[in-house]
Amino acid sequence: MDIEHVRSRFIKHFDGTTGAVYASPGRINLIGEHTDYNGGFVFPGAIDKGMIAEIKPNGTKTVKAYSIDLKDYVEFGLNEEDAPRASWARYIFGVCREMIKRGVDVQGFNTAFAGDVPLGAGMSSSAALESTYAYALNDLFGDNKIDKFELAKVGQATEHNYCGVNCGIMDQFASVFGQKGKLIRLDCRSLEYQYYPFEPVGYRLVLVDSVVKHELASSAYNKRRQSCEAVVAAIQVRHPHVEFLRDCTMEMLNEVKAEVSEEDYMRAEYVIEEIQRVLDVCDALEKGDYETVGQKMYETHQGMSKLYEVSCEELDFLNDIAFDCGVTGSRVMGGGFGGCTINLVKEELYSTFIEKAKEEFKKKFGRSPKVYDVVISDGARRLE
Ligand code: GLA
């Protein structure tokens, strides 16, 4: 991420003066997918790719925003009816609105931003954008009175209320709370979290991006969430204390098997198993047992592909190649419906695996996947 790049565009685009500069990262997730909105565990970390924004209050009630990457300029007011049409600007608008709802006296500002999180790759470019502005507006207009959790919730509420995605808290949490070299296990029910140093000696974490983007990803995502809620509602009849799938066992699920659709049953089965896998991976990590970590990642892939049905041909193919090459762990990462696989691979296998993945993928799909090495980095912050 290049601060000079953003600064030079900001100066050129506005009145020649400079503002404050903020940054927030995208994220990876070692394991625990589609568990956040089910009150389960996730295990993400922030990465060294994200968004940078320069911002300066402009003494008006209008936000003047420039997307450097898209070369697109939008102006909007701060009232509910002022929502801009451009989807990228809706993220900024949503954050402004959510901060105002939380009592921050947001005023007009000039801003330019750019990022290096690949869009639609499952690395949470949108959370990076939301966290950047939530952090910045809190600093510039809110005396930093909103706490970090609430900043993450501002991003999540932006997705819900202005972008049509009923996401969980994982992405925004990781983007705000990230720490260099550490993964974070978050309990999405109690919101308790714990940092885990993650420097697996002899292994590398690498993302292989299928560059597939599913057009209907957000509606398919929301549909998965509805399935989970439908199963919880059925289980609640017998077990009123149950609030999330997190509170359910396979026995409880089987009690309602005849009452829920086959599809909803599969979705819930995946989630119940996935929540347990996060705990198993944490235990294995504490023992330095990367073989078990990797095996659980493969199990997650199977579950996401066959039960939750959020994988795709390209991602299954990449997963098979990883397995054939002897990669320790591999799975589709993030919401799914395209994006990348996350791979835990032994140093000595790294080049063979990457070469083979590129070559075979190209042979089958006629284009190369993209490869990103993961560096676990810090969360939202002010740069200048
Ligand atoms: C997306 C959502 C997250 C989470 C993941 C799946 O990234 O934004 O809240 O549900 O999908 O684990």
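**Close-up views of the predicted model**

**View 1. Surroundings of the ligand.** Arg27, Glu33, His34, Asp36, Tyr37, Cys167, Gly168, Met170, Asp171, Tyr221, Gly334 and Gly335 surround the ligand, a residue being near a molecule if one of its heavy atoms lies within 4 Å of it. The model is predicted: local features need pLDDT of at least 70 and side-chain atom pairs count only at pLDDT 80 or more, whereas totals for chains, interfaces and linings use all residues. Residues are numbered from 1 along each chain as its sequence is written, and side-chain values use heavy atoms, with hydrogens and water left out.

View 2. A polar contact is a pair of N or O atoms within 3.5 Å. A polar backbone atom of His34 lies 2.6 Å from an oxygen atom of the ligand. For the side chain of Asp36, the distance from an N or O atom to a ligand oxygen atom is 2.5 Å. A polar side-chain atom of Tyr221 is 2.6 Å from an oxygen atom of the ligand. On its own the ligand has 310 Å² of accessible area, of which the protein covers 92% (Shrake-Rupley method, 1.4 Å probe).

View 3. Four strands pair in the antiparallel sense in the order 10-11-9-12; strands are DSSP runs of E with at least two residues, helices runs of H or I with at least four, both numbered from the N terminus, and two strands pair if DSSP finds at least two bridges between them. Strand 10 (329–332) and strand 12 (370–373) each have a single partner strand, so one side of each is left without a neighbour in the sheet. Strand 10 pairs with strand 11 (residues 338–346) over 4 bridges, and Val332 stands opposite Thr341 of strand 11. Helix 10 (residues 313–325) lies across strand 9 (203–213), strand 10 and strand 11, at about 5° to strand 11. Helix 11 (residues 350–365) touches strands 9, 11 and 12, and its direction makes about 10° with that of strand 9. Contact means heavy atoms within 4.5 Å; axes are lines fitted to C-alpha atoms, for helices over the stretch in contact, with angles from 0 to 180 degrees between N-to-C directions.

**View 4. The hairpin of strands 7 and 8.** Strand 7 (residues 182–187) and strand 8 (residues 193–197) run antiparallel, joined by 5 bridges. Arg185 has Gln194 as its bridge partner. The hairpin has 5 residues between its strands, and Leu191 in the turn has a positive phi of about 65°.

How values were computed:
Polar contact = N/O pair within 3.5 Å; in protein donor to acceptor, adjacent residues only side chain to side chain.
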